[in-house]
Amino acid sequence: SGDSSGFEHVFVGEIRNGSVIGFHNWIQFYRLERMGKVDYRGFIGGKRTQDTDFMITIQFSWDEDLEDADDGALKHVGGTLLGTSPEFEVAMYTLAWVYGKENDVVNIPVAIGDQEFYLIAHVYKGKYLGTCFASRIPQR
């Protein structure tokens, strides 16, 4: 509907103009996939070691109406942290928001163990978090 919060955008996702936007939470993905509302379309980029990589980039379709996810809106590229707790993600995204108050787009390099990625945040008007997600590459 265009009036969601940053939290809803990131953790629940939205369909706008036929495309999935937001939807960066693995728990929401898992839950909706089990219900048949999400159709996983594939892993994007590089090699992934199933046991150790927790930052993933995927493509999927989402049907909000429980019809057929094959006909749903497409998320062309979606980055998510896999297996992390909601508390961890809220803490990371809060740090990005605090850091991002001076910038429109924030690229925070993160290293956890041998995993390296960027925490991307889009902050509007110096106080509103539009979106936040993990990415292997920085954004402008």
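Modeller: Helices (H or I, at least four residues) and strands (E, at least two) are DSSP runs, numbered from the N terminus. On that basis the elements run α-β-β-α-β-β-β-α-β-β-β from the N terminus on. This is a predicted model, in which local features need pLDDT of at least 70 and side-chain atom pairs count only at pLDDT 80 or more, while totals for chains, interfaces and linings use all residues. Residues are numbered from 1 along each chain as its sequence is written, and side-chain values use heavy atoms, with hydrogens and water left out.

Colleague: What makes strand 7 mostly covered?

Modeller: Buried means under 20% relative accessible area, with exposed over 50% and partly exposed in between (1.4 Å probe, protein chains only). Seven of the 10 residues of strand 7 are buried. For the protein of 140 residues, the buried share is 39%.

Colleague: How do you know that strand 7 pairs with strand 6 and with strand 8?

Modeller: Two strands pair if DSSP finds at least two bridges between them. Strand 6 and strand 7 have eight, and run antiparallel. Strand 7 and strand 8 have seven, also antiparallel. So both pairs meet the definition. I112 has Q115 in strand 7 as its bridge partner. Y118 has S135 in strand 8.

Colleague: Which residues take a positive phi in the two hairpins?

Modeller: G113, near 60°, in the hairpin of strands 6 and 7, with two residues between the strands. K125, about 55°, in the turn between strands 7 and 8, where three residues separate the strands.

Colleague: What makes a set of residues a nonpolar core?

Modeller: Its members are buried Ala, Val, Leu, Ile, Met, Phe, Trp, Tyr and Cys residues, joined through side-chain atoms within 4.5 Å. The largest has 16 residues, and L81, Y93, F117, L119 and C132 have the most contacts inside it. Helix 1, helix 3 and strands 6, 7 and 8 each supply at least two of its residues. Another core, of 10 residues, lies apart from it, with V20, F23, L32 and V38 among them.
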